[in-house]
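Please read them with the coordinates open.

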Amino acid sequence: RDLHSFPTRRSSDLGFRVGLSAKQTGFATRMREGSVIKGNEVMSRIEAVGRAEEPGRAQAGTGPAVQQDELDRLQQELHDSYSPMLAETVLPTPADITKLLALIGARQGLDFVALPDTLSDDRNWFRTHVGPHGSIRFESFAPGPAFASFFTGTDGSPGWLDRLGEADEGSGPDWHGLAQELLPHGLLEQLRTRTEDAPIELLISAHSALSLMPWVALKIGTSKADE
């Protein structure tokens, strides 16, 4: 919980991989529980995947190789009968960081993940900043008052997310504060040096509440007045 950033490339790779895996398996679990797709033959196939993944299946005389063969078969059935996207969502392939970096190429990437705290009801936030030439920095961060004001509200008022229509020039979300809380310092500095003629191409993979964030509204100036 006290982790700020991973100091080495190897540990940053690991943090990035764990974050991606957590998001993949989290959605796969929701689908298997029926919270995304209900009933019919699709759910019966998804339930078959859940049964095949039970730890006892690999220890009941069949062995892990046979269990993996069964999972591969079920994934192929989902792929062929329904769609590659469904198959990948139910049984996600572990992220290949090398291929992912190749796809990002000269652009930059920002990946967020919120994971439950095992000691409380809070969530711990992590982000990975992928640089234009494959550099990776994984770190924890704590959203502050601008985040709380936007999503949950303060002093009994609802969050700005639910009342953006009420915002005017004299009130509204703290877009400058949100940028400071959500974007890594190094990325903010780079964004401030760019112009519309030479922008940074930034890919953002959000998670949890941040999936509702209008990223283009963030103010990246050094102060609220400097916009």
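1. Which residues of helix 6 (residues 97-104) are buried? In this model, which is a predicted one, the buried residues of helix 6 are I97, L101 and I104. Seen down the axis of helix 6, these buried residues fall within an arc of 60°, so they line one face of the helix. An α-helix has 3.6 residues a turn, so residues three or four places apart point the same way. On the other side of helix 6, the exposed residues are T98, K99, A102 and L103.

2. The two ends of helix 6 each deserve a look. At its start, a side-chain oxygen of D96 comes to within 3.1 Å of the backbone nitrogen of T98, and just after the helix, G105 adopts a positive phi of about 60°.

3. On the overall architecture, the secondary structure of the protein amounts to nine helices and four strands, and from the N terminus on the elements follow the order α-α-α-α-α-α-β-β-β-α-α-α-β. The protein has 227 residues, of which 35% count as buried.

4. Leaving aside residues up to four places away in sequence, L210 touches F112, W125, F147, F151, L182 and W215. Ring pairs link several of these aromatic residues, namely F112, W125, F147, F151 and W215, into a cluster together with F141, F150 and W175.

5. Helix 8 is the element I would examine next. Seven of its eight residues are buried, so helix 8 is largely enclosed by the rest of the structure. The buried residues are W175, H176, G177, L178, A179, E181 and L182, and they pack against strand 1, strand 2, strand 3, helix 7 and helix 9. What does the side chain of H176 lie close to, in terms of backbone oxygens? A polar atom of the H176 side chain lies 3.0 Å from the backbone oxygen of G221. H176 itself is found in helix 8 and is buried, with a relative accessible area of 12%.

6. The aromatic pairs come to eight by the rule applied here. F126 and F138 form one that is stacked, with 5.5 Å centre to centre and 5° between the planes. This pair links distant parts of the chain, since F126 belongs to strand 2 (residues 123-130) and F138 to strand 3 (residues 136-141), twelve residues apart. Both F126 and F138 are buried.

7. F147 and F151 form an aromatic pair that is tilted, with 4.7 Å centre to centre and 45° between the planes. Both residues lie in helix 7, four residues apart, about one turn of the helix. F147 counts as buried because its relative accessibility is 13%, and F151 counts as buried because its relative accessibility is 14%.

8. Two arginines sit over aromatic rings. The charged end of R127 is placed over the ring of F141, 4.5 Å from its centre, and F141 also belongs to the cluster linked by ring pairs. R163 lies over the face of W160, at 3.9 Å from the ring centre.

9. A last point concerns G19, which lies in helix 1 (residues 9-32) and is buried, with a relative accessible area of 3%. G19 and T128 are 109 residues apart in sequence, and their C-alpha atoms are 8.6 Å apart in space.

Terms used: Residues are numbered from 1 along each chain as its sequence is written. This is a predicted model: local features need pLDDT of at least 70, side-chain atom pairs count only at pLDDT 80 or more; totals for chains, interfaces and linings use all residues. Side-chain values use heavy atoms; hydrogens and water are left out. Contact means heavy atoms within 4.5 Å. Rings of Phe, Tyr and Trp (its six-membered ring) pair if their centres lie within 6.5 Å; planes under 30 degrees apart count as stacked, over 60 as edge-to-face and the rest as tilted. Buried means under 20% relative accessible area, exposed over 50%, partly exposed in between (1.4 Å probe, protein chains only). A charge sits over a ring if NZ of Lys or CZ of Arg is within 6 Å of the ring centre and within 35 degrees of the ring normal. The arc is that of the directions from the helix axis to the C-beta atoms. A polar contact is a pair of N or O atoms within 3.5 Å; within protein, one must be able to donate a hydrogen and the other to accept it, and residues adjacent in sequence count only if both atoms are side-chain atoms.
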